[in-house]
Amino acid sequence: MDDSEHAEQALEYALDNLPEADVTVLHVVGVPSMMMGEAVALALDDDINDAATEHAEPAFERAREIADERDREIKTMVGIGHPARNILKRAGDYDTIVIGAHGADWDRATRKFLVGNVAETVSKRAKVPVIIVR
């Protein structure tokens, strides 16, 4: 889950349509970029895991608000690096992946060209079912 509207909609979908499911929210930090700004900032921090967790907290706060509105519990997990690779690496631990169609920077043509759409990559490579929410 990033700070995009589609990510929030994906979480809402999972909570509303999979009432018996244990839901884990993954936020990935250190996304590659043209200037590598976020990744460099994390690498320069004394404790990269603490820095990543701190960076993820706003997304987790919003996720907890969404879950609380539905009287549901969620687990949270932080990944470091590329979002699609992080999701795919963990996919075998879950029954289903629910993901937003586009992330927070989906409208940046350069990023899409260089990195590709995370939801598209995950849906093509995951070994478990993938639900893409618009």
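How far apart are the end C-alpha atoms of helix 3, and what span should its 22 residues have? I will come to that after a word on the model.

This is a predicted model, in which local features need pLDDT of at least 70, side-chain atom pairs count only at pLDDT 80 or more, and totals for chains, interfaces and linings use all residues. Residues are numbered from 1 along each chain as its sequence is written, and side-chain values use heavy atoms, with hydrogens and water left out.

Now helix 3, residues 48-69. Helices here are DSSP runs of H or I with at least four residues, strands are runs of E with at least two, and both are numbered from the N terminus. The expected span of a helix is 1.5 Å times one less than its number of residues. For the 22 residues of helix 3 that gives 32 Å, and the end C-alpha atoms are 32 Å apart, so the two agree.

Helix 3 also has a kink of about 45 degrees at Glu 57, shortly before the proline Pro 58. The bend at a residue is the angle between two fitted axes, one for the seven residues ending there and one for the seven starting there.

At the N-terminal end, Asp 47 caps helix 3, with a side-chain oxygen 3.0 Å from the backbone nitrogen of Asn 49. Several residues of helix 3 are buried, including Ala 51, Ala 56, Phe 60 and Ile 66. Buried means under 20% relative accessible area, exposed means over 50%, and partly exposed is in between, using a 1.4 Å probe and protein chains only.

Is Asp 71 buried or exposed? Asp 71 has a relative accessible area of 74%, so it counts as exposed.

Next, the strands. Strand 1, residues 23-29, has six of its seven residues buried. It pairs with strand 2, residues 74-80, in the parallel sense over seven bridges; two strands pair if DSSP finds at least two bridges between them.

Which residue of strand 2 stands opposite Thr 24? That is Lys 75. Thr 24 lies in strand 1 and, at a relative accessible area of 25%, is partly exposed. Leaving out residues up to four places away in sequence, Thr 24 touches Lys 75, Met 77 and Tyr 94, where contact means heavy atoms within 4.5 Å. Thr 24 and Tyr 94 are 70 residues apart in sequence, but their C-alpha atoms are 9.1 Å apart in space.

Two residues from the start of the chain. Ser 4 sits in the segment before helix 1, which covers 5-17. Ser 4 counts as buried because its relative accessibility is 7%. Asp 16, in helix 1, is partly exposed, at 46%. From Asp 16 to Arg 72 is 56 residues in sequence and 9.6 Å in space, C-alpha to C-alpha.

Last, the whole chain. There are six helices and four strands, in the order α-β-α-α-β-α-β-α-α-β from the N terminus. Of the 134 residues, 37% are buried. Among contacts with a separation of 6 or more, 73% join residues 24 or more positions apart.

That is what I have on this chain.

Technical notes
Polar contact = N/O pair within 3.5 Å; in protein donor to acceptor, adjacent residues only side chain to side chain.
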